[in-house]
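Here is my note on this model. Please have the structure open as you read.

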Amino acid sequence: MEEERVGERLAAFRTRAGLSQSALAASVSLLGGHGWTQTTVSSLERGERVLRVSELESVVIALGTTVQEFVIWGDEETAAMAENVLTKRSEERRVGKECRS
């Protein structure tokens with residue numbers, strides 16, 4: 001999966017799990033000793049950082065899902081989750097531009 005799509009999935013699954021970026025980072029760090037921070041999660045969600053295979057197991061455990069569910073895009077529920085994330089991102093960008101104007 002390309003980084004941006006991984007980021008969309010990560011944000012969607014994190015939101016579904018009811019976790020903040022900081023809470024996910026703390027969980028992944030505890031589970032796998034990866035040293036994640038909120039900034040790590042943010043970078044992943046924006047597609048600016050690659051999710052390493054060595055981190056994937058800790059991520060899916062923290063998110064309460066499976067590797068298979070995380071990497072498969074075909075089902076309607078996860079497609080809807082990703083669409084919600086994209087809509088929220090667009091709205092945040094629009095509001096951010098309005099605030100800077």
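1. Basis. This is a predicted model: local features need pLDDT of at least 70, side-chain atom pairs count only at pLDDT 80 or more, and totals for chains, interfaces and linings use all residues. Residues are numbered from 1 along each chain as its sequence is written, and side-chain values use heavy atoms, without hydrogens and water.

2. Helices here are DSSP runs (H or I, at least four residues), numbered from the N terminus.

3. Helix H3. Six of its eight residues are buried (under 20% relative accessible area; exposed is over 50%, partly exposed in between; 1.4 Å probe, protein chains only). They are Thr-40, Val-41, Ser-42, Ser-43, Leu-44 and Glu-45. Gly-47 follows H3, with a positive phi near 80°.

4. Ring pair. There is one aromatic pair (ring centres within 6.5 Å; planes under 30 degrees apart are stacked, over 60 edge-to-face, the rest tilted). The rings of Phe-13 and Phe-70 have centres 5.6 Å apart and planes at 55°, so the pair is tilted. Phe-13 sits in H1 and Phe-70 in H5, 57 residues apart. Phe-13 is buried at 1% relative accessibility, and Phe-70 at 0%.

5. Loop residue. Ile-72 lies in the loop between H5 (67–71) and H6 (76–100). At 47% relative accessibility, Ile-72 is partly exposed.

Key: Helices (H or I, at least four residues) and strands (E, at least two) are DSSP runs, numbered from the N terminus. Rings of Phe, Tyr and Trp (its six-membered ring) pair if their centres lie within 6.5 Å; planes under 30 degrees apart count as stacked, over 60 as edge-to-face and the rest as tilted.
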